[in-house]
Amino acid sequence: MWAARTDTGWAFGDIAPEALTTLEAVPLLLTTRDPRVVERLHPETYAEDADEREWRRHAGEELRHLFASREELVRGDLARMRELPAGRGKFLLIPDAHVSGWLAALNAARLALYALNDLEPEWMAGKERERMSAQQRMALARIHLLAELQTVLLGERTREPHSSSADEDEDADESSNADE
Amino acid sequence: MSSRPGGSTETREREKTSLARPWNVVVHDDPVTLMAYVTKVFMQVFGYAKAKAERLMLEVHHQGRSIVWTGGREQAEIYAQQLQAHHLLTTLERVES
């Protein structure tokens, strides 16, 4: 997958089928009702119950609406993806006005994958990965792939066309070390 | 955001007291969120310079939490909501007198 700046936003090309599957799952991850994800995306804010109830009634409701509109934004951009000629995968354009929404959505999707797959902090830092199941390894790879997109959207990196998938794996591990 | 019409005298008194005391906006570490993203959010939400945003981000990373802002409850809630909108793990704590 490559990424490049255009006049109107960020373009991603040569999106491989596995990466496409991960991207297309982002809107679903944003709206999952799994309690592990809900707990992380709508965390307890106050120590006192009465304060927390009030917070959830006001701020919690507004956040739910925001996340729903963000899901629509991501879904819309994904629906507008085009096929590149000669079987070179898909092409995604993220307009500048959508970058902030995408960054947050990608963060939410990464957090959701982490929670849904019962991942552990040391695995994010590349340690003790021998204890991971195949499903957890796949989830971690997806988390790193989405981090790659975030890194590009943050303006920290561009990706040249024709990067090999092996390069992508290496870069993904690199970004995990920068995970907080 | 936190004040509302009506409610018992006790509730109103409690709110009046808590509105008067400063609150800390606290961001907690999580193993997933990118450091560069946290820095960007701090700059965007609070208007902090990059150096200050990075210092706070590193405090979160190394110490597990950082008080990123202190002040009136209403503004603290606005900031907490904005940080949670970006999925930073954020809580509000009353400053102990």
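Student: Which order do the four strands of the open sheet in chain A take?

Tutor: This is a predicted model. In chain A, four strands form an open sheet in the order 1-2-4-3, and the pairing is antiparallel.

Student: Which strands stand at the edges?

Tutor: Strand 1 and strand 3 (82–83) of chain A do. Each has a single partner strand, so one side of each is left without a neighbour in the sheet.

Student: How many bridges link strand 1 of chain A and strand 2 of chain A?

Tutor: Four bridges, in the antiparallel sense. Strand 1 covers residues 2–5 and strand 2 covers residues 9–15. Take one pair: Ala4(A) has Ala11(A) of strand 2 as its bridge partner. A hairpin through three residues joins strand 1 of chain A to strand 2 of chain A.

Student: And how many bridges link strand 2 of chain A and strand 4 of chain A?

Tutor: Five bridges, again antiparallel. Strand 4 spans residues 90–95. You can trace this pairing residue by residue. Ile15(A) stands opposite Lys90(A) of strand 4. Trp10(A) has Ile94(A) of strand 4 as its bridge partner.

Student: Now the helices. How do I read the packing of helix 3 of chain A and helix 4 of chain A?

Tutor: Two packed helices are described by the angle between their axes and the distance between the axes. Here, helix 3 (residues 49–79) and helix 4 (residues 99–116) of chain A have axes that come within 10 Å. The axes cross at roughly 105 degrees. Helix 3 and helix 4 of chain A are therefore roughly perpendicular to each other.

Student: Which residues make the contact?

Tutor: Helix 3 of chain A gives Arg70(A), Leu73(A) and Val74(A). Helix 4 of chain A gives Gly101(A), Trp102(A), Ala104(A) and Ala105(A). By class, this contact has five nonpolar, one polar and one charged residues.

Student: What should I look for in the backbone angle phi?

Tutor: Most residues other than glycine have a negative phi. Asp118(A) has a positive phi, near 50 degrees, and is a residue other than glycine. Glu128(A) is not a glycine either, and its phi is positive at about 50 degrees.

Student: On to chain B. What elements are there in chain B?

Tutor: Chain B has four helices and three strands. From the N terminus on, the elements run α-β-α-α-β-α-β. Chain B has 97 residues, and buried residues make up 37% of them. Next, look at contacts with a separation of 6 or more in chain B: residues 24 or more positions apart account for 69% of these.

Student: How many residues of chain B are in contact with chain A?

Tutor: The size of an interface is often given as the accessible area lost when the parts come together. Here we count residues instead. In this model, 26 residues of chain B are in contact with 27 residues of chain A. On the chain B side, helix 2 (35–46), helix 3 (50–63), helix 4 (73–85) and strand 3 (89–94) each supply at least two residues. By class, that side has 13 nonpolar, nine polar and four charged residues.

Notes. Residues numbered from 1 in each chain as written. Chains lettered and ligands numbered in written order. Predicted model: local features only at pLDDT ≥ 70, side-chain atom pairs only at ≥ 80, totals over all residues. Contact = placed C-beta atoms within 7 Å. Nonpolar A, V, L, I, M, F, W, Y, C, P; charged D, E, K, R; others polar. Axes fitted to C-alpha atoms, helices over the stretch in contact; angles between N-to-C directions. Parallel < 35°, antiparallel > 145°, perpendicular 65-115°, else oblique. Pairing = 2+ DSSP bridges. Buried ≥ 20, exposed ≤ 12 C-beta atoms within 10 Å, placed from the backbone.
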